[in-house]
Amino acid sequence: MSPSDHSLSGPRTGRAAPLLAAPVFAALGGAVVLLLSALDPLREAAPWALPLMAAFSGAAAGLALLSVWNAGRLTAVRDRAPASFVPPSIPPMPPEQPAVDRAAEAAVRIAALEEALRSKDRQAAERLRSQQLAAMDARAELACAIVHDMNNALGAVSGYADFLVSDLPADSPQADYANRIITAVARARPGLRTLVSAARLETAPLKPERAVGVLDETATLLRAVPAPPGSLAVRHDAGTPDPVCNAGLLARTLAGLAAEILAATGRAGDARLCLRASACVSIPAEQEDADAAAGWTVRPLLVPHPGPHALFELRVDGTPLADDVLSMLVDPLLFARACYRRGQSDREEGAHWPAALLTARLHDGGVSLLTHPAEGTAVRLYIPAAAAPLRSPQAAIPQPQPVPGPAKHSLAPACKVLIVDADPMSGDRFQTGLERQGFEVSVCDDLRDALDVVTDEPGFFDAVVIGPGLSALPAGPALAGRLKALRPDLPCVLYGTVGAEPLQAGADGPADLLLPLPVDLPRLARGVAALAAGSRQGSCQGSGDGMAGERR
């Protein structure tokens, strides 16, 4: 044995000796109680007392022995335990990360969550679009089936009525009834053919077009409708992508939609229309949520695909149309039915306005209807944008830019135009529209202020535009005459309701250009640019004695 074992046995024996003596003394006490003759009187008096005391002494001895056994067992457990307790080592805490790293990790997580939400929105939009297209196809198939059965029934009715006309006397009432049946069948068949044409989805040639060209063509068609609007504003936002579309079909759709809305509201003469083309690069649902927060009621009839789109918006002020009337104007089947009820089914082929919902589907785009209690009605057409051309490594070298077609609005140097209009809102519209076309615009709402400005610096402005309100009054032409007296080569533009052709310089009257109503801002921009260019050429060829001031 090792010295350590001897050192552990001594204390264990010393602790167990008192425990062993206790049961021995208890047992001896019980025996003494039972055996001593001195306790005979007590035994006789109470026979049960001595046995009870002996039993208690035995129980105490048993309990003492049990305590000794438990103490020995616990001591053995402690002997088997290690001599010394070593606490477990706690690993050191990692160094705290810098705040910049934590912020970067948080930004990455936030970006991942946002991308997951956008992906979920895109998937939801695709599912909704699939459901809408399936509903349109189901309605078209149902309409074609009904028309097919109706044609068969009408063919039988018409054939038997024709037999009656042949067999009956010509002047009999029965022959007249048969003729009326044949006439009614002939009148119903064009409407059925129109329904089939509206339900049939035919492809249209698509190619990249200029958005401003579509707006100009739409404005031209609107000016030719029987009841043109009182005011037409055309806005082409900077950065609008070129849509992949059929320009003629899209322009006729927008113009027809505007004409039908004006006819439904009965406000053709005083209604204000706004045609706008802008870019839509985010998910359209996000923009529609913002419109809904602003008080608009948004109804997405066909959700567009996620991705860049050219957004064409038609807005009409005043009390909005009811939802069923507005849906009838954009749905191809309901619109064909409405045209038939108005007696327009017998018109020549191609005379109908295309329905907005059908046009949006032909372009693989979308359409939404918006109504506001105070702002009016708006219809949005989402047309997929043309893909941006890939830039080659030589793109860093400045390349000559191609010259746009007829819809050219970039003017260099910028023409300085003075707008004179007593209506501040009308002046703001002129200023916004011409500034979008690249002009520098100043606005005066008082005739005397305009006259003073030109008197102080006659050579500063390149053209003066007098608004429709003042042009209709004698003060408008009188102001143009006063300005011509100050500077004979200053181009002046007036608005009038007589004559659609512009009056050139040299004609009777002070106006160099007389434009018809409603206001067409792209046409005004082209006319002002042409007048300013002619004025500059004349000033360069002349001696310059008509210019009383220098250009700033």
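Student: How exposed is Arg-276, and what is its relative accessible area?

Tutor: Arg-276 is partly exposed, with a relative accessible area of 27%. The classes are buried (under 20%), exposed (over 50%) and partly exposed in between, with a 1.4 Å probe and protein chains only. This is a predicted model, in which local features need pLDDT of at least 70 and side-chain atom pairs count only at pLDDT 80 or more, while totals for chains, interfaces and linings use all residues. Residues are numbered from 1 along each chain as its sequence is written, and side-chain values use heavy atoms, leaving out hydrogens and water.

Student: Which residue forms a salt bridge with Arg-276?

Tutor: A salt bridge requires a side-chain nitrogen of Lys or Arg within 4 Å of a carboxyl oxygen of Asp or Glu. Arg-276 pairs in this way with Asp-237, where the closest N and O atoms are 2.8 Å apart. The two residues lie 39 residues apart and link distant parts of the chain, with Arg-276 in strand β4 and Asp-237 in the loop between β2 and β3 (244–245). Asp-237 has 9% relative accessibility and therefore counts as buried. Helices (H or I, at least four residues) and strands (E, at least two) are DSSP runs numbered from the N terminus.

Student: How many salt bridges does the rule give?

Tutor: The count comes to 15 salt bridges. Among them is Asp-176 with Arg-180, whose closest N and O atoms are 3.2 Å apart. These two residues are separated by about one helical turn, because they are 4 residues apart in helix α5 (residues 173–199). Asp-176, at 34% relative accessibility, is partly exposed, and Arg-180 is exposed at 55%. The side chains of Glu-115 and Arg-122 also meet in a salt bridge, at 3.0 Å from N to O. Glu-115 is partly exposed at 36%, as is Arg-122 at 28%.

Student: Which residues are linked in a network of salt bridges?

Tutor: Glu-313, Arg-315 and Arg-380 are linked in such a network.

Student: What is the volume of the second largest pocket?

Tutor: On a 1 Å grid over the protein atoms alone, a pocket is an open set of points where a 1.4 Å probe fits, with protein on both sides within 12 Å along at least five of seven lines; lining residues have an atom within 4 Å of a point. Points are joined across faces, edges and corners, and the volume is the space filled by probe spheres set on them. Here the second largest pocket has a volume of about 470 Å³. It is lined by 20 residues, and the closest to its centre are Ala-233, Arg-235, Arg-272, Cys-274 and Arg-429. Two or more lining residues come from each of β2 (231–236), β4 (272–280), β6 (309–316) and α12 (424–436). The largest share, 5 residues, is from α12. The lining of this pocket divides into 8 nonpolar, 3 polar and 9 charged residues. In that count Ala, Val, Leu, Ile, Met, Phe, Trp, Tyr, Cys and Pro are nonpolar, Asp, Glu, Lys and Arg charged, and the others, Gly among them, polar.

Student: Where is Cys-444 found, and is it buried or exposed?

Tutor: Cys-444 is found in strand β10 (residues 440–444). Cys-444 is buried, with a relative accessible area of 11%. Its C-alpha atom is separated by 8.0 Å from that of Gly-427, 17 residues apart along the chain.

Student: In which helix is Trp-69 found, and is Trp-69 buried or exposed?

Tutor: Trp-69 is found in helix α3 (residues 49–80), and is exposed, with a relative accessible area of 54%.
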